[in-house]
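The sequence and structure come first.

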There are 2 protein chains.
Amino acid sequence: MKIYLAGPEVFHREAEAIGKAKASLCQQYGHEGLFPLDAGVDGTDLMPHDHGLAIYRADVAMMEACDVIIANVTPFRGPHADPGTAFELGYMRAQAKTCLAYSNMPGLLAARIVSGDEAGRDATGLAIEDFGMADNLMLEGAVTEAGGIHMPEMLSEDDLYWDFRAFEACLKALD
Amino acid sequence: MKIYLAGPEVFHREAEAIGKAKASLCQQYGHEGLFPLDAGVDGTDLMPHDHGLAIYRADVAMMEACDVIIANVTPFRGPHADPGTAFELGYMRAQAKTCLAYSNMPGLLAARIVSGDEAGRDATGLAIEDFGMADNLMLEGAVTEAGGIHMPEMLSEDDLYWDFRAFEACLKALD
């Protein structure tokens with residue numbers, strides 16, 4: 001099967017190597033992993049906004065070609081998953097494709113959000129979702145049939161993008 | 001048309017009133033706005049995780065019933081959109097439904113992210129997307145045909161969830 005490898009590691013300094021490592025693991029399980037890093041778009045002659053749109057279109061085409069998504073929903077710049085990854089999970093789910101997810105920051109969402117003065121609300125007064133889930137219920141709901149959001153034991157900050165145990169748990173769940 | 005009203009205001013203390021105000025604006029433009037606050041799910045007898053999943057299923061059913069999504073991608077707990085909203089935007093986009101979005105925090109993504117020591121990277125070394133877009137390129141790409149991410153002039157923190165000018169710009173773009 002073709003697997004869309006969604007996650008914020010596309011922004012990592014070593015994105016290319018991380019993508020190769022994940023694709024290699026996919027191969028070990030008999031699948032083909034497609035990593036959306038720039039999706040082969042050459043932006044040299046494009047204005048930034050057009051370059052961004054070209055990557056969007058290439059990523060959509062890549063999702064259309066895939067049967068499965070494994071989404072890395074590790075919290076990104078805050079307590080929640082990267083919105084690009086969340087978008088892609090929704091995109092694949094709507095097409096009834098197999099959706100799996102993992103997070104390299106174990107623990108529940110509610111435990112990651114700093115509480116404000118008011119019970120059950122954050123510092124800006126917004127409710128903290130407390131459903132015993134790792135992130136927003138739309139993300140967890142999308143992958144429930146596939147075993148929920150897979151998580152490793154606690155790991156160090158250095159390993160956040162280089163630990164593939166939870167990713168591999170998704171590959172195993174796929175078999 | 002039936003419009004799915006996605007956004008993090010479902011977590012607001014005044015969520016119900018905000019949802020009513022948005023639905024009322026939809027009606028003025030001849031549409032029906034559906035606000036996913038709990039989606040009518042009674043969770044009294046459910047364990048938290050099952051309650052969350054019941055809301056997920058009800059929200060998905062509501063999206064299936066809608067022709068359009070207007071996504072509030074105002075930054076939520078950080079520089080990015082709420083991942084639940086991003087998921088829903090992807091879900092509707094995959095079904096080729098009309099996708100619109102607005103943000104009540106005007107300005108470009110790159111301007112909202114604190115830079116680290118390295119050029120073009122945040123404090124944790126992750127690349128800052130700099131495509132002249134308001135958020136992740138998947139979100140902006142999904143709504144480009146509908147005029148991009150609509151934004152008002154700068155507004156106060158108090159109005160963040162109560163200013164409907166950019167939301168109304170989406171309704172106008174829909175006509």
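This is a predicted model: local features need pLDDT of at least 70, side-chain atom pairs count only at pLDDT 80 or more; totals for chains, interfaces and linings use all residues.

Most residues other than glycine have a negative phi.

Two packed helices are described by the angle between their axes and the distance between the axes. For H3(A) and H3(B), the packing angle is about 40° and the axes are 6 Å apart, and the two helices are therefore oblique to each other. Their crossing is right-handed.

On the side of H3(A), the residues that meet the partner helix are A:Pro83, A:Ala86, A:Phe87, A:Leu89, A:Gly90, A:Tyr91, A:Arg93 and A:Ala94, while H3(B) contributes B:Pro83, B:Ala86, B:Phe87, B:Leu89, B:Gly90, B:Tyr91, B:Arg93 and B:Ala94. Sorted by class, this contact comprises 12 nonpolar, two polar and two charged residues.

## H2 against H3 within chain B

Within chain B, helix H2 (residues 48-65) and helix H3 (residues 83-94) pack at an angle of about 40°, with 11 Å between their axes, which makes H2(B) oblique to H3(B). The crossing of H2(B) and H3(B) is right-handed. From H2(B), the contact draws on B:Tyr56, B:Asp59, B:Val60, B:Met63 and B:Glu64, and from H3(B) on B:Phe87, B:Glu88, B:Tyr91 and B:Met92; by class, six of these residues are nonpolar, none is polar and three are charged.

Helix H2 of chain B also includes B:Ala65, which counts as partly exposed because its relative accessibility is 38%. Although B:Ala65 and B:Tyr4 are 61 residues apart along the chain, their C-alpha atoms are separated by 8.7 Å.

## Helix H2 of chain A

Which elements do the buried residues of H2(A) pack against? They pack against strand S1 (2-6), strand S2 (32-34) and helix H3 (83-94) of chain A, and also against H3 and helix H5 (137-143) of chain B. The buried residues of H2(A) are A:His51, A:Gly52, A:Leu53, A:Ala54, A:Ile55, A:Tyr56, A:Asp59, A:Val60, A:Met62 and A:Met63.

The length of helix H2 (residues 48-65) of chain A agrees with expectation, because its 18 residues should span 26 Å at 1.5 Å a residue and its end C-alpha atoms are 26 Å apart.

## A:Ala23 in helix H1

A:Ala23 is found in helix H1 (residues 15-28) of chain A and, at 24% relative accessibility, counts as partly exposed. Apart from neighbours within four places in sequence, A:Ala23 is in contact with A:Leu5 and A:Gly33. With A:Leu5 the C-alpha to C-alpha distance is 8.2 Å, across a sequence separation of 18 residues.

Conventions. Residues are numbered from 1 along each chain as its sequence is written. Chains are lettered from A and ligands numbered from 1 in the order in which they are written. Side-chain values use heavy atoms; hydrogens and water are left out. Axes are lines fitted to C-alpha atoms, for helices over the stretch in contact, and angles run from 0 to 180 degrees between N-to-C directions. Helices (H or I, at least four residues) and strands (E, at least two) are DSSP runs, numbered from the N terminus. Angles under 35 degrees count as roughly parallel, over 145 as roughly antiparallel, 65 to 115 as roughly perpendicular and the rest as oblique. A crossing is left-handed if the near helix is turned anticlockwise from the far one by less than a right angle, and right-handed if clockwise. Contact means heavy atoms within 4.5 Å. Ala, Val, Leu, Ile, Met, Phe, Trp, Tyr, Cys and Pro count as nonpolar, Asp, Glu, Lys and Arg as charged, and the others, Gly among them, as polar. The expected span of a helix is 1.5 Å times one less than its number of residues. Buried means under 20% relative accessible area, exposed over 50%, partly exposed in between (1.4 Å probe, protein chains only).
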